[in-house]
Amino acid sequence: MSYHLTYAERQHYQPSIAVVGCGGTGSLVADGLCRLLIPHPELGLLLVDHDTVEEHNLLRQAFYAGDVGRFKAEVLATRLARLYGRSVGYSVQAFRRGTYYGDHSGISEARIVVACVDNPLARAEIAASMEPTRWWLDAGNAENLGQVLIGNASSPEALQGAFNPETGVCHALPLPTVQRPELLLPAAAPALPEGMDPDCAEAIQLGGQSPVINQVMAALVLEVVRRLITGACPWMALYVDMERGELRAVEATPENAARAFGLRSTRGFLVQKKGR
């Protein structure tokens with residue numbers, strides 16, 4: 001049986017969306033969300049990033065020469081609010097659970113948190129802020145590979161009754177950091193050729209990614225968000241391999257959810273009984 005993720009039956013208000021990380025993928029997602037949300041002016045949007053624009057960011061991120069030295073979140077929020085005629089909240093603080101981000105489009109109101117970050121500390125803070133009525137989309141990529149993971153449950157107990165076979169609705173899935181625990185591990189530093197100055201590591205990293213991987217990741221994120229808003233998202237994860245030209249979907253099923261937690265039993269408590 002196929003299931004889909006939705007806000008129906010659990011929420012009585014429209015979700016706001018927070019984008020944490022406004023770099024290569026996040027800056028493109030922010031612009032795409034403003035277009036996607038044109039028919040939904042009631043949906044709030046918040047951008048969170050404590051980094052400033054550097055010159056090398058202009059190669060892969062949605063910034064321009066005049067933005068260098070300014071905060072990424074502020075630059076994007078100001079520009080997008082002007083272009084699309086909507087309110088766009090922003091914060092130049094690093095994401096921390098329990099931090100106050102303002103009373104408009106705040107994290108506390110966000111029903112969808114899109115994480116486009118590249119460090120385990122930020123992901124750990126996002127994981128700690130999750131609650132049953134909030135979905136976390138985590139986008140990450142390497143040179144030609146990437147994944148979008150969707151979830152909100154940090155324990156098997158949080159999956160109890162998550163799948164309703166009568167309505168086909170799924171209310172909970174394992175967190176991205178449960179699906180891929182290595183996301184909480186520090187990334188290995190790039191190996192430098194003998195005699196190379198450490199400052200050149202940045203140049204190696206810049207040349208180590210496909211120039212279009214961020215556009216691909218942003219498109220996948222936007223499609224997941226679109227389906228979440230309409231209540232028609234059937235996926236727990238999406239994996240893309242640009243080298244092979246492949247896109248693989250992991251469906252939101254009791255079996256896949258149980259497997260992420262290392263469980264053998266699925267229907268015992270994951271699937272609601274009829275009449276509930």
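Predicted model: local features only at pLDDT ≥ 70, side-chain atom pairs only at ≥ 80, totals over all residues.
Asn141 belongs to strand E6, which covers residues 135-141. Asn141 and Asp241 are 100 residues apart in sequence, yet their C-alpha atoms are 9.8 Å apart in space.

## The open sheet

Strand E6 is also a member of an open sheet of eight strands, which follow one another in the order E4-E3-E2-E5-E6-E7-E10-E11 with mixed pairing. The edges are formed by E4 and by strand E11 (246-251), each of which pairs on one side only. Averaged over the sheet and with direction ignored, neighbouring strands are turned by 15 degrees against each other.

Strands of a sheet pair through backbone hydrogen bonds, in either a parallel or an antiparallel sense. Within this sheet, strand E2 (residues 16-20) and E5 pair in the parallel sense, and five bridges join them. Val20 stands opposite Ala115, a residue of E5.

## The aromatic pair

How many aromatic pairs does the structure hold? There is one, and it is formed by Tyr3 and Phe163, whose ring centres lie 4.9 Å apart and whose planes stand at 75 degrees. The pair of Tyr3 and Phe163 is classed as edge-to-face because this angle of 75 degrees is over the cut-off of 60 degrees.

The pair links distant parts of the chain, since Tyr3 is in the segment before strand E1 (4-5) and Phe163 is in strand E8 (residues 163-164), 160 residues apart. Are the two partners buried or exposed? Tyr3 counts as buried at 3% relative accessibility, and Phe163 likewise counts as buried, at 0%; both values are under the 20% limit that the term requires.

## A nonpolar surface patch

Which residues form a nonpolar patch on the surface? The patch consists of Phe71, Tyr90 and Val92, which together have about 230 Å² of accessible area.

Conventions: Residues numbered from 1 in each chain as written. Heavy atoms only, no water. Patch = residues over 30% accessible without salt bridge, like charges linked within 9 Å, V, L, I, M, F, W, Y side chains within 5 Å. Areas by Shrake-Rupley, 256 points an atom, 1.4 Å probe, with all protein chains shown as cover. Salt bridge = Lys/Arg side-chain N within 4 Å of Asp/Glu carboxyl O. Phe/Tyr/Trp six-rings, centres within 6.5 Å; stacked < 30°, edge-to-face > 60°. Helix = DSSP H or I, 4+ residues; strand = E, 2+ residues; numbered from the N terminus. Buried < 20%, exposed > 50% of the residue type's maximum accessible area, 1.4 Å probe, protein only. Pairing = 2+ DSSP bridges. Axes fitted to C-alpha atoms, helices over the stretch in contact; angles between N-to-C directions.
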